[in-house]
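Let's take a walk through a protein chain together.

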Amino acid sequence: MAQRAQPVIGTTGIIASSFVVAVVLLAFLGIGIRADVGRGFGPGDWAAIRFTLLQSALSALISVACAIPLARALARRRFAGRGFLITLLGAPFILPVIVAVLGLLTVFGRSGWINIVLDAVGFPTLSIYGLHGVVLAHVFFNLPLATRLLLQGWQSIPAERFRLAAQLDLPPKMIQRTLEMPLLRQVAPGAAALVFVICLTSFAVALTLGGGPRATTIELAIYQAFRFDFDLSRAALLSFVQLALAGGAALVALSIIPNIPMSAGLDRTLQRWDARGGFQKMQDAVIITLGSAFLLLPLFAVVLAGLQGLPQMPISVWKTAGNSLGVALISIALLLVIALPMAGWISTRRAGGAEAIGLIGLSASPLMIGTGWFILINPIANPVPLALPVTALINALMALPFALRILVPPMRDVLTTYDRLSRSVGLQGWSAWRWLVIPRLRAQIGFTAGLTGALSVGDLGVIALFADPDRATLPLQMYRLMGAYRTEAAAGAALLLLAMALGVFWICDKGGRWRAEA
């Protein structure tokens, strides 16, 4: 029935998908024009490739390894504030990277809280820069994502199986072997692969905590070749490598991420029968406390330092904040114009090609697309005045995979349910969108808009290639303040950026759910 659904079939989904393909192909063309394949890679380029793969692999392995005990503890314990804590696990995903980095520096930096304690007790202090700093930041961002994926898997195990385990009086090790290990073999590889892909295309973390010959990622090498050397040939060649690595890893990740069944049992109870007391209860409490502290202390540090630094912010911060808000609003509009028709096309036609197009945000690096478009625009016009519109467009493309994952399942249900009725009354085209689809997807549309806006407000990517002092965004201005050692002003800007990102997300999400139809 869903394959024959007619209400939103038209040319809009094809047009939106074609536009996305054109943007990426033109960027690819621009890179191909300047890429000198015969030039080969220098030692620094090979070092950047090795470091990118190493830090991505370590980040994925450590994130999933830490997420397993945290997800298990959250799955088998009920306590006051549990739901709020699980909700907070999603905060790092929409948290601006540059803000989180400042929080991590406050806690783990050379003069951070941890080093103050270590120095007081006579232990050697830690350094957050280099490989371990990049991995630490990536674990901070991706531990919540891995935990949510594993927690969803644990909650999909029917409660009847734990009841049977309790009746058989199975010890914890046997429960792990018979119930939990099969689940981990199913879910953990996909979670690790997804984290690996995300870390491959990370730029802001490497820019602030990496650097140097032995701590440079491919993304950072592209930026350095572009901004410092203006070596467009080297930047283009590295962009090809980045696209090949990230694209291949994204396809592998999506092929092994399982669809977790949420039924297969009555699931009448919320209490796990293997949630024993004593040492196990204390162990779970310690794990939840440590995991929460690792995720929440940097946020608390940003708020505390930001309140003290607000009066130190220069006027330029407010101007760049307006630029960031404008870029976010344009990104939201572009994303919805692209994602809604594509989601309708996928839902009615089972368009696998459109789903593959939607993966561009995971496989195509923002710096790669930005480099390609700079090469194309530069001979014709000055690319600098186009910095903000290009940034908004690329931010929308980067949010497209997440938008389609959110919109397609409920849209497919709506079109399947109302297929015959809508065709019998001739409800097609814009009328179907207005009266059928949008009212029933308002909550998902609001969440998608909020996610896109929050990610766009805090993005420090392609704007770093194009921007000048008059066209910077707030994340870039904050990075410049940190580079000028104006830490108080940077902390105030970080608090403002955090408030903007969370505010945009909350307003869009709340607006979508307000009086939304079931």
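Helices (H or I, at least four residues) and strands (E, at least two) are DSSP runs, numbered from the N terminus. Ile 288, for instance, has its place in helix H13, residues 279-309. Before going further, please note that this is a predicted model, in which local features need pLDDT of at least 70 and side-chain atom pairs count only at pLDDT 80 or more, while totals for chains, interfaces and linings use all residues. Residues are numbered from 1 along each chain as its sequence is written, and side-chain values use heavy atoms, with hydrogens and water left out.

Let's stay with Ile 288 for a moment. Is Ile 288 buried or exposed? Its relative accessibility is 10%, so Ile 288 counts as buried (buried means under 20% relative accessible area, exposed over 50%, partly exposed in between, with a 1.4 Å probe and protein chains only). Leaving aside residues up to four places away in sequence, Ile 288 touches Leu 70, Ala 73, Leu 74, Phe 79 and Leu 85; contact here means heavy atoms within 4.5 Å. Ile 288 and Arg 82 are 206 residues apart in sequence, yet their C-alpha atoms are 10.0 Å apart in space.

Now step back to the whole chain. It has 24 helices and zero strands, and 53% of its 518 residues count as buried. Among contacts with a separation of 6 or more, 85% are between residues 24 or more positions apart.

What about the inside? In soluble globular proteins, nonpolar side chains tend to be buried together. A nonpolar core is a set of buried Ala, Val, Leu, Ile, Met, Phe, Trp, Tyr and Cys residues joined through side-chain atoms within 4.5 Å. The largest one in this chain has 148 residues, and Val 99, Ile 369 and Met 478 have the most contacts inside it. Helix H18 (residues 387-417) gives the largest share of this core, 17 residues. A second, separate core has six residues, including Ala 193 and Ala 249. As for Met 478, its contacts beyond four places in sequence include Ile 98, Val 99 and Leu 102.

Next, see how helices meet. Two packed helices are described by the angle between their axes and the distance between the axes. Axes are lines fitted to C-alpha atoms, for helices over the stretch in contact, and angles run from 0 to 180 degrees between N-to-C directions. The axes of helix H1 (residues 12-34) and helix H17 (residues 366-377) come within 7 Å and cross at roughly 70°. H1 and H17 are therefore roughly perpendicular to each other (angles under 35 degrees count as roughly parallel, over 145 as roughly antiparallel, 65 to 115 as roughly perpendicular and the rest as oblique). Residues making this contact include Val 23 and Ala 27 of H1, and Ile 369 and Trp 373 of H17.

Helix H5 (residues 97-108) and helix H6 (residues 113-120) pack at about 10°, with axes 3 Å apart, which makes H5 roughly parallel to H6. Thr 106, Val 107 and Phe 108 of H5 meet Trp 113, Ile 114 and Asn 115 of H6.

Finally, visit two loops. Thr 473 is found between helix H22 (463-466) and helix H23 (474-483), and is buried, with a relative accessible area of 4%. Tyr 485 lies in the loop between H23 and helix H24 (487-513), and counts as exposed at 72% relative accessibility. Phi of Tyr 485 is near 60°, a positive value in a residue other than glycine.
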